[in-house]
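Hi there,

Here is the structure I promised to pass on. My notes on what turned up in it follow below.

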Amino acid sequence: MKKVITYGTFDLLHYGHILLLQRAKAFGDHLTVALSTDDFNRLKGKAAYFSYEKRKMMLEAIKYVDEVIPETCWEQKASDIQRLGISVFVMGNDWEGKFDELRSQCEVIYLARTPDISTTSIKSGLQHS
Ligand code: C2G
């Protein structure tokens, strides 16, 4: 089984997130999402609208997602990859190059972000089609 992992807050779930998860899953047979906890979001300077539990429940309802684990710190990626037997690490390309040190453990892929949608824009109430 080829295992893929991705990390994020996934707040106010939107189609940009779904397209990321769909593309990430396509690199293997099993997708783990490491979901930022509320405490880690505070460290990231992000305040999620929905709690970790609600964001976790929503992710678990997505057919591309096989497992959701907590992301509690920046430094857990290498040990997650090792412990879970991950072959592919995927992130949106707003993170381009930021996790290249993981290339010693697994494939690292940065996918193009979906344009014109973000949790921030939803929060600021921009009209959207
Ligand atoms: N994303 C995307 N297109 C968008 C918005 C988001 O492809 N329009 C992707 C991001 O690039 C990221 C994932 O969806 O790969 C989750 O986005 P966020 O919840 O904003 O993740 P972030 O806060 O960047 O957390 O340790 C890594 C961090 O936890 C990443």
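Buried residues account for 46% of the 129 residues in the protein. Please keep in mind that this is a predicted model.

On overall form, a compact globule with 129 residues would have a radius of gyration near 14 Å, and the protein agrees because its own value is 14 Å. The C-alpha trace spans about 40 × 30 × 30 Å along the principal axes.

As for the fold, there are 5 helices and 5 strands, and from the N terminus on they run β-α-β-α-α-β-α-β-β-α. Among contacts with a separation of 6 or more, 64% come from residues 24 or more positions apart.

The largest nonpolar core has 18 residues, and the ones that touch the most other members are L21, L31, V33, L59, V65 and V90. Two or more residues come from each of α1 (15-25), β2 (30-36), α3 (52-60), β4 (88-92) and β5 (107-111). A second, separate core holds 14 residues, including A34, L102, V108 and Y110.

Which residues is V33 in contact with, leaving aside its neighbours within four places in sequence? They are T6, F10, L21, L59, V65, E67, V68 and I69.

Lastly, the surface and charges. The accessible surface comes to about 7000 Å², with 55% of it belonging to carbon and sulfur atoms. The protein carries 17 positive and 17 negative side chains, and the centres of these two sets lie 3 Å apart.

Best wishes

Note on methods. Residues are numbered from 1 along each chain as its sequence is written. This is a predicted model: local features need pLDDT of at least 70, side-chain atom pairs count only at pLDDT 80 or more; totals for chains, interfaces and linings use all residues. Side-chain values use heavy atoms; hydrogens and water are left out. Helices (H or I, at least four residues) and strands (E, at least two) are DSSP runs, numbered from the N terminus. The radius of gyration is taken over C-alpha atoms; the globule rule is 2.2 Å times the number of residues to the power 0.38. Buried means under 20% relative accessible area, exposed over 50%, partly exposed in between (1.4 Å probe, protein chains only). Contact means heavy atoms within 4.5 Å. Accessible areas come from the Shrake-Rupley method with a 1.4 Å probe; for residues, only the protein chains shown count as cover. Lys and Arg count as positive and Asp and Glu as negative; His and the chain ends are not counted. The place of a charge is taken as NZ of Lys, CZ of Arg, CG of Asp or CD of Glu. A nonpolar core is a set of buried Ala, Val, Leu, Ile, Met, Phe, Trp, Tyr and Cys residues joined through side-chain atoms within 4.5 Å.
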